[in-house]
Amino acid sequence: MADDPVLNAASVPSPASSPATSPASSPADALIETVPPEISPLRAFWSAFSENRGAVLGLAVVVFITLLAIFAPLLALHSPIEQFREHVLLPPVWAGGIWSFPFGTDAVGRDVLSRLIYGARISLGIGLSVMLVSVAVGIVLGLASAFLRGIVEVVVMRVMDLVVAIPSLVLAILVVAVLGPSLTNTIVAVTVVYLPRYVRLVRAAAMAELSKEYVVAAQVAGVGKLRLMFVTVLPNCLAPLIVQAALGISDAILEAAALGFLGLGAQPPTPEWGAMLADSREFIRSAPWIVTLPGLAILVTVVAINLMGDGLRDALDPKLRRS
Amino acid sequence: MFRFFLRRVALTLPTFVALMFVTFVAVRLVPGDPIEARTGERGIAPERLAMLRHELGLDQPVWQQFLHYANGILHGDFGVSIVTKTPILHEFAILFPATLELAFCGLIFAIVLGIPAGVIAAVKRGSIFDHSVMTVALAGYSMPIFWWGLLLIMFMSEYLGLTPVSGRMDLINYYFEPVTGFMLIDSLLSDQEGAFGAAVSHLILPSIVLGTIPLAVIARMTRSSMLEVLSEDYVRTARAKGLSPLRVVGLHALRNALIPVVTVIGLQTGTLLAGAVLTETIFAWPGVGKWLIESISRRDYPALQGGIMLISGIVILVNLIVDLLYVAINPRIRHGG
């Protein structure tokens, strides 16, 4: 992008016009003038990110869970849905179980560890799908309302206001009740719930950029509207969007697990963590590990993503930095 | 300021209309004819079907159906439950105090713990206490509360036997007619010894579960707001005057630090009502959240439609009130806006 003629031309007046812009939040500027040439933006980002030990820990856990999810078929000892009828409600190894079922088995004899590993696929899959769809739709709707204004902006923003007004889980329940409970519909429901954040964020960021001189310069240079939206302005709105996207994954995982717990998400025998918890409710007294482990998996995943997201925010967007 | 109030109220109206529209459309998107769905496999004679469709207004054009629906809502008619045949508003009114009582206690729990924790963390910035509060807040914020509820039941109720597992009242030992619908008040009014204690013990775990996320949010907000205020000049002046640290923090700093915290607390209504759905399901708490989930499994679409309309309407109203109060309290916004 550095050799983009429009961006090069446009970035000439920008240091004077936007002294507050951080090096990392406008990559074009960063490459050209602010950062000394020997440090790449990636290096600069990493040194800022790795200052935060919690963020690095979060990243490590996220990488670990992602690897578990990718290599689930190789790592899991059993199929997540195979029922070993001779080993029903077997306790974990540390409570007197056997090594072929390290985390014990559930009420129909399925291996809890294998279900947890495959569950990582589902939860991360939901989180990523929701994030990708809502970022993509959010960018289009946000940029459209910032650039086109008028009726487009009014309609889009009023609809977003409505979505925000309905409590998130209640809205997700409404969507699932209409579409029917399933994994795909969970993704649709959670995407609808979290879309307004992205639309509002992109719109606000784009409107802030629109008044800057490099945008005016690009317009004077005769750049078309689409190019102006996606090539000139969008890259400068990315920092807060990346932060929101990272934190959005954890929210989506929690929301989807809640739907699964209520029986409105993934359906049996899918090894979804929330649905596993719902199945475990009758065994609070007799088999506490079935209750404890799926919830722990959700908590660890969500905490790790949130830690990572906080680190991203501190590194990418110093303006949002928590005091 | 009056003009601001009017403008803010006027902006809320389209949201209400859109909400009516969404609930109306959503229920009509559910596959299948509502009457055939009710008669099930037994089937229904065509002329009887036509009659029922006419009775329910389903033979009218959709826009007329919508106007009819909207008109009903404006007159307090949210439809009739298919299952119980009682008006939705009536069912909701009976169950809502239970949800309100739970939400209120959850919020009190969050405020009573969250604000002091946030203040102390800010004053002792960088200390072990600060780090612990921030870690606990992160965990609370990331907590799947349905799991948290199960853990608490497992430990407090099953293992230690301290609190009851579910419900609002020990119905075997105590019975009294609901007067206000709030168990804490009704149990006091009933004059039965131990009833109030039983009501409190039923409330403890659900309140903790429902209050956990607001607690984390309030603690984080109080801490960061307090840190900002503590670096202000007037706080330094107060310190330089030789006022005791308690006076500086409690009187000078806290008052101003609380302004954004109050807003955040107000905005927790949606979180509390959404959280109530999960909390009530775990603890078999007879409130509107549990009722909403049950209406889905019973395919009681009028109840679902009316329930969502009512819950969302309440959240929109509370957010409006919080906004207006905020402007009324904070002169800086009043004059600026």
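This is a predicted model: local features need pLDDT of at least 70, side-chain atom pairs count only at pLDDT 80 or more; totals for chains, interfaces and linings use all residues.
Reader: What is the average pLDDT of chain A?
Author: Chain A averages a pLDDT of 85, and 86% of its residues score at least 70.

Reader: And where does pLDDT stay under 50 in chain A?
Author: That happens over residues 1-25 of chain A. For this stretch the model has 50 contacts beyond four places in sequence.

Reader: How many helices and strands are there in chain A?
Author: Chain A has 15 helices and zero strands.

Reader: Which feature does UniProt place at residues 120-309 of chain A?
Author: The UniProt record, an unreviewed entry, gives "domain: ABC transmembrane type-1" for those residues of chain A. Over residues 120-309 the chain is 82% helix and 0% strand. The end C-alpha atoms of that stretch are 19 Å apart.

Reader: What share of chain A is buried?
Author: Of the 323 residues in chain A, 48% are buried. As for contacts with a separation of 6 or more in chain A, 69% are between residues 24 or more positions apart.

Reader: Which residues have the most contacts inside the largest nonpolar core?
Author: They are Val170(A), Ala172(A), Ile173(A) and Val202(A), in a core of 166 residues. Helix 7 (residues 112-148) of chain A supplies the largest share of this core, with 16 residues.

Reader: What does Ala172(A) touch?
Author: Leaving aside residues up to four places away in sequence, Ala172(A) touches Ala189(A), Val190(A), Val193(A), Glu255(A) and Leu259(A).

Reader: Turning to the contact between chains A and B, how many residues does it take from each?
Author: It takes 33 residues from chain A and 39 residues from chain B. Several helices of chain B each supply at least two residues of its side, among them helix 1 (2-29), helix 9 (195-230) and helix 14 (301-329). The side of chain B that touches chain A divides into 31 nonpolar, six polar and two charged residues.

Reader: Which residues does a cis peptide bond join?
Author: Such a bond joins Pro268(A) and Pro269(A), with omega about 5°. Pro269(A) sits in the loop between helix 13 (238-261) and helix 14 (273-280) of chain A.

Reader: What about phi at Lys85(B)?
Author: Lys85(B) is not a glycine, yet its phi is positive, about 65°. The residue lies in the loop between helix 4 (62-74) and helix 5 (88-123) of chain B.

Reader: Is Lys85(B) buried or exposed, and why?
Author: Lys85(B) is exposed because 7 other C-beta atoms lie within 10 Å, and the cut-off for exposed is 12 or fewer.

Note on methods. Residues are numbered from 1 along each chain as its sequence is written. Chains are lettered from A and ligands numbered from 1 in the order in which they are written. pLDDT is the predictor's confidence in each residue, from 0 to 100. Two residues are in contact if their C-beta atoms, placed from the backbone, lie within 7 Å. UniProt positions are given in the numbering used here, feature names are shortened, and annotations may be inferred rather than shown by experiment. Helices (H or I, at least four residues) and strands (E, at least two) are DSSP runs, numbered from the N terminus. A residue is buried if 20 or more other C-beta atoms lie within 10 Å of its own, exposed if 12 or fewer, and partly exposed in between; C-beta atoms are placed from the backbone. Ala, Val, Leu, Ile, Met, Phe, Trp, Tyr, Cys and Pro count as nonpolar, Asp, Glu, Lys and Arg as charged, and the others, Gly among them, as polar. A nonpolar core is a set of buried Ala, Val, Leu, Ile, Met, Phe, Trp, Tyr and Cys residues joined through C-beta atoms within 7 Å.
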